[in-house]
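Hi everyone, and thanks for coming. Please have the sequence and the model open while I talk, and we will walk through the chain together.

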Amino acid sequence: MENGLSQAAAVVEDGRPPVSCVICQGTTIKTQEVEEAFGLNRDIIMVPVKTRVCAECGERYYDKRTLRLLEEVEEKVRRKAITQLEVVGKVMRVPREHVR
Ligand SMILES: [Zn+2]
């Protein structure tokens with residue numbers, strides 16, 4: 001899995017909310033909690049973070065402060081400065097005999 005943001009996201013200047021969405025031109029962009037993810041060996045680490053999201057299409061807008069915060073959290077997890085991770089799901093695999 002790629003490191004960094006789990007989906008393409010627009011980066012905006014600090015403190016300057018977009019007036020309309022660059023994808024759909026929607027004008028309803030609200031701050032809400034989303035989850036970003038990064039890969040760690042074979043695991044996926046979810047990071048809850050508040051950012052601006054287009055109510056129409058779901059495009060996420062990150063300012064530089066939030067991007068730095070995400071990078072810092074990822075770095076802390078990688079060097080085990082954050083260790084109390086909550087398990088929120090399982091990864092399972094279909095047995096090979098079913099995929100022939
Ligand atoms: Zn949009």
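Let me start with a question: where does Gln25 lie? Gln25 lies in the loop between S1 and S2. Helices (H or I, at least four residues) and strands (E, at least two) are DSSP runs here, numbered from the N terminus. Gln25 has a phi near 65 degrees, which is a positive value in a residue other than glycine. With 11 C-beta neighbours inside 10 Å, Gln25 counts as exposed. For burial, a residue is buried if 20 or more other C-beta atoms lie within 10 Å of its own, exposed if 12 or fewer, and partly exposed in between, with C-beta atoms placed from the backbone.

Two notes before we go on. Residues are numbered from 1 along each chain as its sequence is written. This is a predicted model, where local features need pLDDT of at least 70, side-chain atom pairs count only at pLDDT 80 or more, and totals for chains, interfaces and linings use all residues.

Now the overall layout. The chain has one helix and four strands, and along the sequence they follow the pattern β-β-β-β-α. Of the 100 residues in the chain, 12% are buried.

On to the sheet. Strands of a sheet pair through backbone hydrogen bonds, either parallel or antiparallel. In this talk, two strands pair if DSSP finds at least two bridges between them. The four strands form an open sheet in the order S1-S4-S3-S2, with mixed pairing. S1 and S2 are the edge strands, each pairing on one side only. From one strand to the next, the twist averages 50 degrees. Angles run from 0 to 180 degrees between N-to-C directions, and axes are lines fitted to C-alpha atoms, for helices over the stretch in contact.

Let's take the pairs one at a time. S1 (residues 10-12) and S4 (residues 60-63) are parallel, with three bridges, and Val11 stands opposite Tyr62 in S4. S4 also pairs with S3 (residues 43-54), in the antiparallel sense and over two bridges. There, Val53 stands opposite Arg60 in S4. The hairpin of S3 and S4 has five residues between the strands, and Gly58 in that hairpin takes a positive phi near 90 degrees.

How many bridges join S2 and S3? Twelve bridges join S2 (residues 29-40) to S3, in the antiparallel sense. Glu35 stands opposite Pro48 in S3. In the hairpin of S2 and S3, with two residues between the strands, Asn41 takes a positive phi near 55 degrees.

Next, the core. A nonpolar core is a set of buried Ala, Val, Leu, Ile, Met, Phe, Trp, Tyr and Cys residues joined through C-beta atoms within 7 Å. Which residues make up the largest nonpolar core? There are six: Cys21, Ile29, Val53, Cys54, Tyr61 and Tyr62. S3 and S4 are the elements that give two or more residues to this core.

Contacts come next: two residues are in contact if their C-beta atoms, placed from the backbone, lie within 7 Å. Leaving aside neighbours within four places in sequence, Tyr61 is in contact with Ala10, Val12, Pro18, Ile29, Thr51 and Arg52. Across the chain, among contacts with a separation of 6 or more, 57% are between residues 24 or more positions apart.

H1 (residues 64-78) lies across S1, S2, S3 and S4, and runs at about 170 degrees to S3. The expected span of a helix is 1.5 Å times one less than its number of residues. For the 15 residues of H1 that gives 21 Å, which agrees with the 21 Å between its end C-alpha atoms.

Please find Leu67, which is in helix H1. Is Leu67 buried, exposed or partly exposed? Leu67 counts as partly exposed, because it has 17 C-beta neighbours inside 10 Å. Not counting residues up to four places away in sequence, Leu67 touches Val11 and Tyr62. Leu67 and Val11 are 56 residues apart in sequence, and their C-alpha atoms are 8.4 Å apart in space.

One last stop. Lys80 lies in the segment after H1, and it has a positive phi of about 60 degrees although it is not a glycine. With 7 other C-beta atoms within 10 Å, Lys80 is exposed.
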